[in-house]
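Please guide me through this structure in my viewer, telling me what to select at each step and what is there.

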Amino acid sequence: MTRELSKEALQELYAWIDGIPLSRPKRNIARDFSDGVLVAEVVKHFLPKLVEIHNYIPANSTQQKLSNWQILDRQVFSKLHFHISEDMLTKLVKSSPGVIETVLYMLRQKIEEELNRTQEVENYSTYADKNILDYVSPNMHLFTKECQSQPEMWYNNQKQRSFCDQYSHLNPEIRLLLEEKDQALLALRETMEILQMKVQRLEHLVQLKDLRIEDLTRHLNKHKSQKTMK
């Protein structure tokens, strides 16, 4: 991943970094970024949901610096399809000249790609919602009529009837948009059910643990009582 940046690219990169509010001043970029904390702040500035900043501890020790970078590589960079080799990590931690610039240059590209992808998804979602509303609003009486005449079509059963079967009479593009929305809702519902099952399981385990503690406490008190009597 090591590459030599042109003077123009470096100046543009430094200007980009200067435009980001960071928790400490930048005096020597190789040393200041060596523990990975400021890199985490850079990512959080643009993609706040991707970084939990409390995971990164300002450090002077090599071990803690490596730990910060490894967390970044595993939890953040991987989601941006970005990876730092062990050799590169060692150079970053040692503040080797020119290395952090290469990493930040590549990271900036990945951040911009993710921002563009997110914007495309938001644009599509807005477009999809608008098209659904544009179709449904003037034809709401048709949906109401079908709901009253065939209410079973509007409720999910165990077989989860195909959305396309229910709305095969609609325009293909509108049907596709509605199907995508329906599938997303089904996925969320399934996730909720799984989480509820996990919560119930954990509650059951807690109850068993409480019973075990009560049993051990009872035996301990009994043992103490017998020992006192002796």
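Begin by selecting S95, which is found in the loop between helix 5 and helix 6, where helices (H or I, at least four residues) and strands (E, at least two) are DSSP runs numbered from the N terminus. Although S95 is not a glycine, its phi is positive, at about 60°. S95 counts as partly exposed because its relative accessibility is 23%, given that buried means under 20% relative accessible area, exposed over 50%, and partly exposed in between, with a 1.4 Å probe and protein chains only.

This is a predicted model, in which local features need pLDDT of at least 70 and side-chain atom pairs count only at pLDDT 80 or more, while totals for chains, interfaces and linings use all residues. Residues are numbered from 1 along each chain as its sequence is written, and side-chain values use heavy atoms, with hydrogens and water left out.

Next, select H81, which is found in the loop between helix 4 and helix 5. H81 also has a positive phi, near 55°, in a residue other than glycine, and H81 is exposed, with a relative accessible area of 70%.

The axes of helix 4 and helix 5, which are lines fitted to C-alpha atoms over the stretch in contact, come within 10 Å and cross at roughly 130°, an angle taken between N-to-C directions on a range from 0 to 180 degrees. That makes helix 4 oblique to helix 5, since angles under 35 degrees count as roughly parallel, over 145 as roughly antiparallel, 65 to 115 as roughly perpendicular and the rest as oblique. To see the contact (heavy atoms within 4.5 Å), select T62, K65, L66, W69 and Q70 of helix 4 together with L89, L92 and V93 of helix 5.

Keep W69 selected and look at its surroundings: leaving aside neighbours within four places in sequence, W69 is in contact with residues including F33, V39, F77, I84, I100 and V103.

From there, turn to the largest nonpolar core, which has 38 residues, and in which F33, W69 and I100 have the most contacts; such a core is a set of buried Ala, Val, Leu, Ile, Met, Phe, Trp, Tyr and Cys residues joined through side-chain atoms within 4.5 Å. Among the elements that give two or more residues to this core are helix 1 (7-18), helix 4 (62-76) and helix 6 (99-136), and helix 6 supplies the largest share, seven residues.

Finally, display the whole protein chain, which has nine helices and zero strands, and of whose 230 residues 30% count as buried.
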